[in-house]
Amino acid sequence: MSDRDWLALVTTLELSAVTTLVLLILGTPLAWWLARTNSRLAVAVEAVVALPLVLPPTVLGFYMLVALGPRGPIGGTLEALGLPHLAFTFTGLVIASTIYSLPFMVQPLKDAFAAVGSRMTEVAATLRAGPWDRFFTVVVPLARRGFLTAVTLTFAHTVGEFGVVLMVGGNIPGETRVLSIAIYDHAESMDYASAHLLSGGLLAASFLLLLTVYLVNRRYLLVHP
Amino acid sequence: MTGLRADFRLARGDFRLDVAISTPGQGVTALFGRSGCGKTTLLRCLAGLERAAGGCRLGEEVWQDDGRRLFVPTHRRPIGYVLQEPSLFPHLSVRGNLEYGWRRVPARRQQVVFDEVVELLGLGRHLDRSPAGLSGGERQRVSVARALLTSPRLLLMDEPLSALDHASKQEILPYFERLHDGLRLPIVYVSHSPDEVARLADQMILLQGGRVLGAGPVAELLVRLDLPLARDTEAGAVIDGRVAEHDDVYGLTRIAIAGGRLALPRLDRPIGAPARVRIHARDVSLALDEPGTSSILNILPVRILEIVELDRTQVLIRLAAGRDDETQVLARITRRSRDLLRLAPGREVYAQVKAVALVD
């Protein structure tokens, strides 16, 4: 594997790890709210969260590019403040990936929180546990399968993104050139050996990751019926 | 005043709750009523799990006062709460469950000793097991112990026996009776079983359609003919007495009650010990003259206080014995017998009691 491809792998893992972390922090409260609320707004929010599942990634990527670029509302504001805009940057890529992978974090968590229900948290409240205490000592342990699924799917999905990266990130080595772009480059330049190596590796790694998650969840189910 | 006082108003769909209640500073107060009468909602309001309009205080400590916009959240109320379903944390061992609340109470506020509570509920052997491996009765004992380990000053129990089968119930009831005798704190106990109430409760609050129908000592409420309790097929009186003598020849114990004595199968209790018995209305028949020869052991001279008709066939009669009518029992007999014997309030008759059951 060439140095350029190694760099693309590192960039990919970095992007996926940061995106997963950001989504864990933002997605958890959002999923909690969606699982608990009776608000009518929740339906609209859920639809928005699910949009990345149905939209072509290029559509999302295009809007992100416009928004983050020098003339867009976000990029423009940053430039007016004397900061660089975010198009074709790693940060821009993280923002775009966060939105792109949002449903993969929020939906499994929401289902897990709904399955935990309110009885156990009420019991914890009668045992003197405050709201944060209840969340971390009762909800998180009982929803751990949901967390495992959400984190894995988000990570794997971010590793696999292409269209959004192509639109927002471009192809800057060490900054925005990720594996999927590298594979595309190799195929374009008829370097099928390299494309095979990266594609096969990605395929195997993704399969193993998902296999592990499903095995762990299945075993958990068998041990704790 | 160390008891509980509360008033709540809540409207939810068709259901309305509008109650004002109070309990003594110790002893078991049963919240009694059919399903849907609001007893669980009331209990949840007391715990702060549900927010109704009104107020709530335990002794001097105010938990809710709408006038002052005060509402103490559940986790800051010194309560123990036991649900109908034993809701143990599945991700923790029995010990982990017991320690969950125990650890969250500062040492200076702890009133109970961990090992004593474990002992009281017979859980020593189970500490390292997972809740999934316990029987229903064992699980409910763990949840009671878990609640007690928070050193509560009020114990709320929501039909803690109704999800259990008969055997588990019989297994756990003695533990509950020990709680009743051993704890100096008020217990509010939701139930829809007259037998459970007769066995465990001192006071009773009768709920119907979100309102209080009646409240007072159990022995008084159980024999009030204007309340639906007396119309239940399981209706009957509870009587508190003391062991007066043992008859080892025939294997009997006589207990003294106001206005007479009752014979029971031999009890393993010392003379003078308290004993609570229950007499079902269906087990009492009446005679105008003292029956000379009868296989029935317990015959009490009583006075008729009140008669109501249950239906075309049966009537319910409230009877009293003792100088100030302290002992009251119910009799359910046919309307025909009433007319034949010309029974009416004020008449002195003899109550033949076919069965006396010890409940505590």
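How many bridges pair β17(B) with strand β18 (residues 314-321) of chain B, and in which sense do the two strands run? The pairing is antiparallel and spans six bridges. This is a predicted model.

**Chain A overall**
- Chain A holds eleven helices and zero strands.
- Read from the N terminus, its elements run α-α-α-α-α-α-α-α-α-α-α.
- The C-alpha atoms of chain A fill a box of roughly 65 × 45 × 30 Å along the principal axes.
- Chain A has 225 residues, and 42% of them count as buried.
- Take the contacts in chain A with a separation of 6 or more: 71% of them join residues 24 or more positions apart.

**A:Gly75, a residue inside a helix**
- A:Gly75 sits in helix α4 of chain A, which covers residues 73-80.
- Is A:Gly75 buried or exposed? A:Gly75 is buried, because its relative accessible area is 0% and the cut-off for buried is under 20%.
- Beyond its neighbours within four places in sequence, A:Gly75 is in contact with A:Ala67, A:Leu68, A:Gly69, A:Pro70 and A:His85.
- A:Gly92 lies 17 residues from A:Gly75 along the chain, and their C-alpha atoms are 9.5 Å apart.

**B:His75, a residue touching the other chain**
- B:His75 is found in a loop of chain B, between β6 (70-71) and β7 (79-82).
- The relative accessibility of B:His75 is 14%, so this residue counts as buried.
- Which residues does B:His75 touch, not counting those up to four places away in sequence? They are A:Ala125, A:Arg128, A:Ala129, A:Gly130, A:Pro131 and A:Arg134.

**Strand β17 of chain B and its partners**
- Strand β17 of chain B covers residues 298-309.
- On one pairing, β17(B) meets strand β20 (residues 348-353) of chain B. These two strands run antiparallel and are joined by six bridges.
- Within that pairing, B:Val302 has B:Val349 in β20(B) as its bridge partner.
- The other pairing described here is with β18(B), again antiparallel over six bridges.
- B:Glu309 stands opposite B:Val315 in β18(B).
- β17(B) and β18(B) form a hairpin, with four residues between them.

**Domains of chain B**
- Chain B is divided into domain 1 (4-221) and domain 2 (236-358).
- The C-alpha centres of domain 1 and domain 2 of chain B lie 34 Å apart.
- How many residues does each domain of chain B give to the contact? Domain 1 gives nine residues and domain 2 gives four residues.

**The second largest pocket**
- The second largest pocket holds about 450 Å³ of space.
- A total of 20 residues line this pocket. The closest to its centre are B:Gln111, B:Pro152, B:Leu183, B:Arg184 and B:Leu185.
- Which element gives the most to the lining of the second largest pocket? That element is helix α3 (residues 114-120) of chain B, with three residues.
- The lining of this pocket divides into ten nonpolar, six polar and four charged residues.

Technical notes. Residues numbered from 1 in each chain as written. Chains lettered and ligands numbered in written order. Predicted model: local features only at pLDDT ≥ 70, side-chain atom pairs only at ≥ 80, totals over all residues. Heavy atoms only, no water. 1 Å grid on protein atoms, 1.4 Å probe; cavity = no way out; pocket = protein on both sides within 12 Å on 5 of 7 lines; lining within 4 Å. Points joined across faces, edges and corners; volume = space filled by probe spheres on them. Nonpolar A, V, L, I, M, F, W, Y, C, P; charged D, E, K, R; others polar. Buried < 20%, exposed > 50% of the residue type's maximum accessible area, 1.4 Å probe, protein only. Contact = heavy atoms within 4.5 Å. Pairing = 2+ DSSP bridges. Domains from an automatic or database assignment.
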